Amino acid sequence: MRRQFISYATSAVAVLVLGLFPAGAADNAAIKEKAAVCSGCHGENGISQTENIPSLAGQPNQFIQWQLVFFRAGSRKNDQMQPIVEEINNEDIRNFGAYFSQMTPPKAAEDTDPDLSKKGAQVAVGRRCASCHTDSFAGTKAVARLAGQREEYLVKALHDYKAGARVGGGVAAMADVAYHMSDEEITAVSHYLAYFK
């Protein structure tokens, strides 16, 4: 009797699992299709080729979700993002977070200025960047991935935090860190993180 029950249970689980695959594939295709609007700016496979536009590939799921929420609420502002976020719902936000977080993050190119990176590494240690962004600067949960991000975008983000122009999760910590950074430090740490491997 027990063996027969296990056999039925195993069959039922197999049917349930197999039944999920077509729906999952359809869902992934629908998400991919909806996310295609993002590739116009953020690049194919979430890797940006456009100045001052961040790569999304490999960003933590929660981080992407929160940024979309901030854009949609209007607390974070961007002329290109505003009309897009007005058209997405909570399920889209969850799906986009999962979709981009599973993509392979951009690989850092060969460092063009190792001396600047050395200075940037000192800034990162002094400002304790790894305490939130992790030792690999891959980010976690609602904290951004910095490793391999576009250099000029990192410069812009730090200047925005310093000027109080960027709000959202972690804004108090980032505003405090950026406010005390010189332009030279911002340039150096952005270079270091963009080329971090």
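A salt bridge is taken here as a side-chain nitrogen of Lys or Arg within 4 Å of a carboxyl oxygen of Asp or Glu. The structure is a predicted model, and by this rule it holds five salt bridges. This briefing covers some of them and then turns to a pocket.

- Lys156 and Asp160 form a salt bridge, with 2.7 Å between the closest N and O atoms.
- Lys156 and Asp160 are about one helical turn apart, because four residues separate them in helix 7 (residues 151-163).
- Lys156 is partly exposed, at a relative accessible area of 37%.

**Salt bridge between distant parts of the chain**
- The side chains of Glu185 and Arg127 are joined by a salt bridge, at 3.2 Å from N to O.
- This pair connects distant parts of the chain, 58 residues apart: Glu185 belongs to helix 9 (residues 183-194), whereas Arg127 lies in the loop between helix 5 (114-126) and helix 6 (130-133).
- Glu185 is partly exposed, with a relative accessible area of 24%, and Arg127 is likewise partly exposed, with 25%.

**Salt bridge of Arg150**
- A salt bridge also links Arg150 to Glu152, where the closest N and O atoms are 2.6 Å apart.
- Glu152 has a relative accessible area of 22% and is therefore partly exposed.

**Second largest pocket**
- The second largest pocket contains about 210 Å³ of space.
- This pocket is lined by 15 residues, and those closest to its centre are Gly148, Gln149, Arg150, Glu151 and Ala194.
- The lining of the second largest pocket comprises six nonpolar, five polar and four charged residues.

Terms used: Residues are numbered from 1 along each chain as its sequence is written. This is a predicted model: local features need pLDDT of at least 70, side-chain atom pairs count only at pLDDT 80 or more; totals for chains, interfaces and linings use all residues. Side-chain values use heavy atoms; hydrogens and water are left out. On a 1 Å grid over the protein atoms alone, a cavity is a set of points where a 1.4 Å probe fits but cannot get out, and a pocket is an open set with protein on both sides within 12 Å along at least five of seven lines; lining residues have an atom within 4 Å of a point. Grid points are joined across faces, edges and corners, and a volume is the space filled by probe spheres set on the points. Ala, Val, Leu, Ile, Met, Phe, Trp, Tyr, Cys and Pro count as nonpolar, Asp, Glu, Lys and Arg as charged, and the others, Gly among them, as polar. Helices (H or I, at least four residues) and strands (E, at least two) are DSSP runs, numbered from the N terminus. Buried means under 20% relative accessible area, exposed over 50%, partly exposed in between (1.4 Å probe, protein chains only).
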